[in-house]
There are 2 protein chains.
Amino acid sequence: MTEEKLPTRAEDFSEWYNQLVLKAQLADYAPVRGCMIVRPYGWALWENIQQALDRRFKATGHQNVAFPLLIPKSFIEKEKHHVEGFSPELAVVTIGGGEVLAEPLILRPTSETIIGHMWSKWIQSYRDLPVLMNQWNSVVRWELRTKLFLRTLEFYWQEGHTAHATREEAVEETRQMLDAYTDFAVNDAAIPVIPGRKSDSEKFAGADTTYSLEAMMGDQKALQFCTSHFLGQNFSQAFEVRYLDQNGQLQHCWTTSWGLSTRVIGAIIMVHGDDQGLVMPPKLAPTQVVVVPIYKTEEEKASVLKTAKDLKAQLIKANLRVTLDEREGFSPGWKFNDWEMRGVPVRVELGPKDVAKQAAMLARRDRPGREGKVSAPLADLSATIEKLLAEIQQALLDKALAFRRANTHETKTYDEFKRAVENGFAYAHWCGSGDCEEKIKEETRATMRCIPLDPSAVMGHAGGSGSGTCVLCGKPAKDRAIFGRAY
Amino acid sequence: MTEEKLPTRAEDFSEWYNQLVLKAQLADYAPVRGCMIVRPYGWALWENIQQALDRRFKATGHQNVAFPLLIPKSFIEKEKHHVEGFSPELAVVTIGGGEVLAEPLILRPTSETIIGHMWSKWIQSYRDLPVLMNQWNSVVRWELRTKLFLRTLEFYWQEGHTAHATREEAVEETRQMLDAYTDFAVNDAAIPVIPGRKSDSEKFAGADTTYSLEAMMGDQKALQFCTSHFLGQNFSQAFEVRYLDQNGQLQHCWTTSWGLSTRVIGAIIMVHGDDQGLVMPPKLAPTQVVVVPIYKTEEEKASVLKTAKDLKAQLIKANLRVTLDEREGFSPGWKFNDWEMRGVPVRVELGPKDVAKQAAMLARRDRPGREGKVSAPLADLSATIEKLLAEIQQALLDKALAFRRANTHETKTYDEFKRAVENGFAYAHWCGSGDCEEKIKEETRATMRCIPLDPSAVMGHAGGSGSGTCVLCGKPAKDRAIFGRAY
């Protein structure tokens, strides 16, 4: 497959993305419209993402559970905003075991309703709180315009759900999980994100407040990386989730939910990828190091492969994820291109001359050509590579952050704003009205991404983050928000 | 919840099981008939099972993937035995996004069909083979009689799917995975199993040969632990999965599939559990060690809790899964019962006298009362406990094996056979005809569980495994098989 060249990102970013997902065998189109198959290389990346997050969830006291896929249709109708938001997107099972069902069942688009229903049975007293749950599963939303990883009918994600005795504790949980996601995005995915609050029109159907992380892709468009919702008492009232407090009074719980999906794989592709293909952040890369043996004669082959196998053992011992490419019938150059396309952070080239001097050539995926190459002794190569992987991880983050900042503009006038959202983010004052938000969207195709929680993080300096006037209507501004065209 | 007493296993095994699953909070009934919710304690057990198996799958070269939940209804109709077997059990989505679908979609009851469809695109040449895939997901089968973990409309499992160039290689794969399951059952779940071949009437819809592991539960009934299917070319012909061989000839692939589900949790409960509750095999136990602090005064509490925390740190450092039960308002005796019910293998009791002599009392879950208790020095307690856990693991396996052997009878006459299957397994010669099999089932409610691959493993000795006559019709026997009433 690797013979056909990708379009460049500059030529056609969207096609570059679509073809790369297929070519790198991350995913493929399923026979059912809008569904995808996640192939081994894509799923290995997702497993690394899962482990990185699951560790953080468990460290903060959350336990994994499994609620069923099938939900009575009536459940979705109990919370009025929720039903408005999700009704148009439902898949409905009407036949089971050859018979028409008395009550149709929906495939979960998210699990707040069924979890609320069960919590009303399980939660009795303040002693039962907080309840801190998470589940890894897939959900179904009948989307019309789909794109592999970014928006599919069925997608893989985790959904965290928690119940608390007080409003304060629930709000704190919502923010704690946003922080956990931020830590993952920055330190594992090497993607700089802007944590912020969503506008009313963009928040989750049924939430009081939705927080999100917003990231800038390589085409300067915005991508919502994940969300964390403060649900107030909306679902606990709809499903009668109550507890007896310490004074013997019956109270409704305060609940939250938070989720991150396989669209993060799309973000990794679009933030780090280049015209040669994927660039995997070392911490999440399914293969961190590929060893390519180089030889001509059978004698060279024997010697090189022996050394390569010893090296592989050394790297595995250091807990590195390593592949030794022993495929026959492919030239070293072809293999270099193939692994570059797959985004493996470090390539080790090992030929007879390297073996003779007990060294290997290391090539960085993120720095093409001679600049990214260095020869290093075989003894203790694992330590050298560990250091190199850490450098690459940091370099990817730095580059992405510089790119986002270079393409984010603090705009005062609507003209400046319109120019900014053509090729990036506008950071602008806004009166807070849904009307202005809607009009901006109509006229510029840019949506309100979020109101940053820490304005200084946006530009890297405190900036003119004080008061101002709405970029559209000129009235006194309530907030300062990030706007951009979004996936 | 722990105040209400369970029925004993002798009184009502089925109710003992149902109540224990709820009481230990392994699972609960979902609002949709026949569906279940796996609660944190149950899911933690499943995660340990997943890890134990996933390690074995990856060590044998398999890669995880994710195929979609939704399958076009027409797919299921392409393999004639497959459609006969699964049609009555299908859940059908007929509405999506508010519109009636042109082609109804089924929720996967298993994924051979959609995988066959995709393989026909991905597999071109012998160089692409073997394809070794596995996925962890849930599937839906519209069962009428359900029981938590053992049979539910939606259940969690893994399904492995592989494609090979030759029949021999596919058969070998089928057997290799049966061996991997056996290793897991015996060494991790401490459940002795009989690996064997299914009769034609019991095999998977679409398989040439189905292998299974059969286990005996605490009520002497049989449970199919997992299956491994040699699918021949049935699915590769139905879905045109072909490859160009080294001579340039187009050949159909040979395929396999193999699966193990959350019913294994039911097996763990029913093999090891006793009248006090669960007994978890140490290798899979969500909590391997519980530390219960014992004190009366505040001064004692401070000293005991300090030592308990140090001990917990020591055990965590040794990679043991440990819980320190610091709950207020519950007596030590109540906590002992509670953790016994949850089946934690080792309880550490720590009181002021223990602290004074720098020791702790260890209590084995599998040996009730004084017999299972021993005092051990705190210094190096983790090593003592590791040794104890290994002993418990072995003791559970030994006990279960002795129980199965004591309740398995080599039967010559039909009278002996009928008595044997009242309370266990009959190991009997059989002519191989479906008619005899069916008649035996009608008359005794016992089904043909499997034809053991290694007859000597059944009774622990070679036995009279030679020729014989059918236990029902008296004709010359083709096979010797295990019969029993089954879950």
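**View 1. Salt bridges join chain B and chain A.** Across the interface of chain B and chain A of this predicted model, the rule finds two salt bridges, each defined as a side-chain nitrogen of Lys or Arg within 4 Å of a carboxyl oxygen of Asp or Glu. In one of them, the side chains of B:E47 and A:K58 meet at 2.7 Å, N to O. Local features need pLDDT of at least 70, side-chain atom pairs count only at pLDDT 80 or more, and totals for chains, interfaces and linings use all residues. Residues are numbered from 1 along each chain as its sequence is written, chains are lettered from A in the order in which they are written, and side-chain values use heavy atoms, with hydrogens and water left out.

**View 2. Strand β5 of chain A pairs with β5 of chain B.** Strand β5 (residues 91-96) of chain A runs antiparallel to β5(B), and five bridges connect the pair; strands are DSSP runs of E, at least two residues, numbered from the N terminus, and two of them pair if DSSP finds at least two bridges between them. Within this pairing, A:G96 has B:A91 as its bridge partner.

**View 3. An open sheet of eleven strands lies in chain B.** The strands follow the order β3-β7-β8-β14-β11-β10-β9-β22-β23-β21-β20, with mixed pairing. Because β3 (63-64) and β20 (408-411) of chain B stand at the edges with a single partner strand each, one side of each is left without a neighbour in the sheet. Strand β8 (residues 154-164) and strand β14 (residues 254-261) of chain B run antiparallel and are joined by eight bridges, and B:Q158 has B:L260 as its bridge partner in β14(B).

Note on methods. Helix = DSSP H or I, 4+ residues; strand = E, 2+ residues; numbered from the N terminus.
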